[in-house]
Protein chains: 2
Amino acid sequence: MPKLPPSEDSILRKIAQSARSSLLDQKRTGRLSLGIGDDAALFRPKPGHETILTCDWFLEGTHFLRAKHPPDAVGWKCLARAVSDVAAMGGTPRCFLLSLALPPSLAGQWLEDFLRGLKRASRKLQCILAGGDTTQRDKILINVTVVSEIRAGQAVLRSGAREGDVVYVSGILGEAELGLKFVLRGRLPVRGNDPYIRKHLYPEPRLELGRWLAEKKIATAMMDLSDGLSSDLARLCTASGVGARIDRESLAAVCVPLIANRKPERSLQLALHGGDDYELLFTASPRKLPNSPWQFKSLPISPVGVITSGSKKVVYNNHGRILPLSPHGWDPFKKEL
Amino acid sequence: MPKLPPSEDSILRKIAQSARSSLLDQKRTGRLSLGIGDDAALFRPKPGHETILTCDWFLEGTHFLRAKHPPDAVGWKCLARAVSDVAAMGGTPRCFLLSLALPPSLAGQWLEDFLRGLKRASRKLQCILAGGDTTQRDKILINVTVVSEIRAGQAVLRSGAREGDVVYVSGILGEAELGLKFVLRGRLPVRGNDPYIRKHLYPEPRLELGRWLAEKKIATAMMDLSDGLSSDLARLCTASGVGARIDRESLAAVCVPLIANRKPERSLQLALHGGDDYELLFTASPRKLPNSPWQFKSLPISPVGVITSGSKKVVYNNHGRILPLSPHGWDPFKKEL
C-alpha cells in the first residue's frame, strides 16, 4: 500500500497521544477542564492568583538548525525557554499551547523524537500540553504559549530596580553560547556529557529561585537572561528608569573557566554578551542578600554590579576605568544563527 | 544620515505604541495588570469563570499572500480567526499575544498598516494586545494566542451532539472562498464593497450568537467553520461519537446566490467544502429552535441536517439518494494557497 501523506488530523492525533498521560495527571487536580481536541482549551484559574501569559518563537534557521540540533532537544528547548519568562516573574507554570508547522517528511520519526523531548520538559517543568495548532511548511516553525500563575500582586517586574540595589545573576554566563559554538562545529553530544552543549540544548529555567525571590519579596526587579547580560540589563534599566554599573572583578565569578576557552578576554565577552543561558538577572537591596557569591540550593548566585541613579546608562568598571557597556547580545534583526 | 536597520526593541516599541490606548481602557477595568514590555503579561481572571485558551497560525504563503492581501486585512484577520474559536465555545475574548516574524524591509509602512488592521479588530472584538514576541524572517509569520473567559461549566464543546439533534449553521457558506478566488484573480477591494472579498479579508467571528447559545444552554455541540462544512462536521461527529445527515434541500438556504457564481452545482460545492467562513456550526434539540431558517439579530441561522446514531459517518442526502460526504475542506497538509 502506498504511504499516505500525513493529514492535519493525523498529526494532531500523534500530538494528543503524547500529551495524554500528563493530561490525566493534571485533570485529577481539576485545573485543566478541557485539553487537546476541541476549538480551544479550558483552564480553571486558582482563586487569588493572577495568570502569567508569555509566548516565544522557536524557528528553524533562526533559533536552531535541523542538521545540527537533535529533535528531542528542539522539543525540550522550545518549552524550557518560554517557561524561563515565567521563572523571571516568580510564577508557576500550568499549561502550554504548541503551534507547530513542519514539512510532511518530518511527521514520522522527527516528530516522535521532538514530542519525546517536549514531554520530558513538560514533566520536569510541570507544565502540560493543553492545545495548539499545526500546519504544513517547508521549514520547522514553533511557537509556544505558556500559561502560569502567581499569587496576585507577587509578580516581580523589570521596573522595580532602585539606586543602590545590587545586581545579581544566577549560574555561569556564556556557557550556552560556548555550547552553541561546539554544536555548530559538529561536536554533537554523543553521551550528552559536555556541560556546555547540555546547557545549550537542554536549558533549565530557574523556577525555584524565581519563586523564592518573589515569595520572600527579595527581588526588586527581575528578568531572564535570554539575549545576553549587556542587552538584557539595558532593558531592565530602561524599564526601571535607572542606570547600572557592572564590575569586572565581580564578573570573574560568573565566567566560564579558562580551561574551556583559553583566552581570558573571551570568557569575559561571553559573560557580557553570550545569549541563551536562561539564568536569572535580578536586583535586591544590599541588606537582603550577601554581597559576595553564594548558593541557592547549589545554584551559584553572584553580585556583578550595582544600580546607579537615573541616567538609564549601563557602564562597565574595568579596574577603575568606567566605559559605556553597549547592548551586544543576541538581536534577531542584527544577526542570525 | 543612513537609515538604520530596525532592531527588535524598535519594532516592539512600535507595537507597544499601537496597543497603548486600548491597554489603558482595559487597565481601567483592572483585568490586565501588566501589558507589553516585561517578560510576560499579567491577567487577573474573573472569579467563577474558566479561561479559554486558543492559538492560530497565520503564515505568508500558507494562509495569505503578501502581494495579494492588504496588510491591514492581515492584521484584522490574524486576530479575528483566532477569536472565532472563542465564539465557538460561547466565550468572551479578553486579551491576546502576538508573535510576529517579518523581514526588516517590512518594519516600516507594512507594519504600520498591519497594526492598524489589528487595532481595528482588537477594538471591535474587545480583545486587547497583552504581549508577544518578534523576530526576523524572510517570510511574514504570525501566531496569535487569544485568552478568553466563560462562566465555569458553560462552555459548549464539540462532543455534546446527540442523535436527533438538528445541525445548524450561521450565515452563508462559501462566501469567503469565493472572495479568495476574486482576490487571487487580482480583484482587490478598491472600495471594499464586494461582500465576498470583504468576508474573505475581514471575517467577523460570531461572538454574540455563540454567547447566546452557551448562556441559554441551547447548543449541545458547537465549533466554528474554518476548514469547510464537510471537514468540520466530520470532526464534530467524531468528537460526539455520532453521525450526521446533510440535506441538499436545506443547503439551498446557506448557498451563495447564483448571481455571484453562475453554476448552481458550484454554489453547493462551496457550501459543503469552502473554508474560511468563520460561521458557527452547532447542534440543538428540535424542541429548542425553529426547524426552518430564522434570524439571530439579522444573522441567518439555517438547519442543514440532523444528527444520526453512532456510526460517526457524515452522509449527504441528495433528494433521497444517500451518499457518503468525505471531508474535502481545507487541509494544510493537502493543499496550499
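1. The contact (heavy atoms within 4.5 Å) draws 68 residues from chain B and 68 residues from chain A. This is a predicted model, where local features need pLDDT of at least 70 and side-chain atom pairs count only at pLDDT 80 or more, while totals for chains, interfaces and linings use all residues. Residues are numbered from 1 along each chain as its sequence is written, chains are lettered from A in the order in which they are written, and side-chain values use heavy atoms, with hydrogens and water left out.

2. About 5,500 Å² is buried between chain B and chain A, 56% of it on carbon and sulfur atoms. Buried area here is the accessible area (1.4 Å probe) that two parts lose on being put together, summed over both.

3. Four salt bridges are counted between chain B and chain A; the term needs a side-chain nitrogen of Lys or Arg within 4 Å of a carboxyl oxygen of Asp or Glu. Glu50(A) and Arg44(B) meet through their side chains in a salt bridge, at 3.2 Å, N to O.

4. Now the sheet: six strands form an open one with mixed pairing, in the order S1(A)-S2(A)-S3(B)-S6(B)-S4(B)-S5(B). Strands are DSSP runs (E, at least two residues), numbered from the N terminus, and two of them pair if DSSP finds at least two bridges between them. S1 (32-34) of chain A and S5 (128-136) of chain B stand at the edges with a single partner strand each, so one side of each has no neighbour in the sheet.

5. Where do the chains join in this sheet? S2 (residues 41-43) of chain A and S3 (residues 49-59) of chain B run antiparallel, joined by three bridges. Ala41(A) sits opposite Leu53(B) in S3(B).

Conventions. Helices (H or I, at least four residues) and strands (E, at least two) are DSSP runs, numbered from the N terminus.
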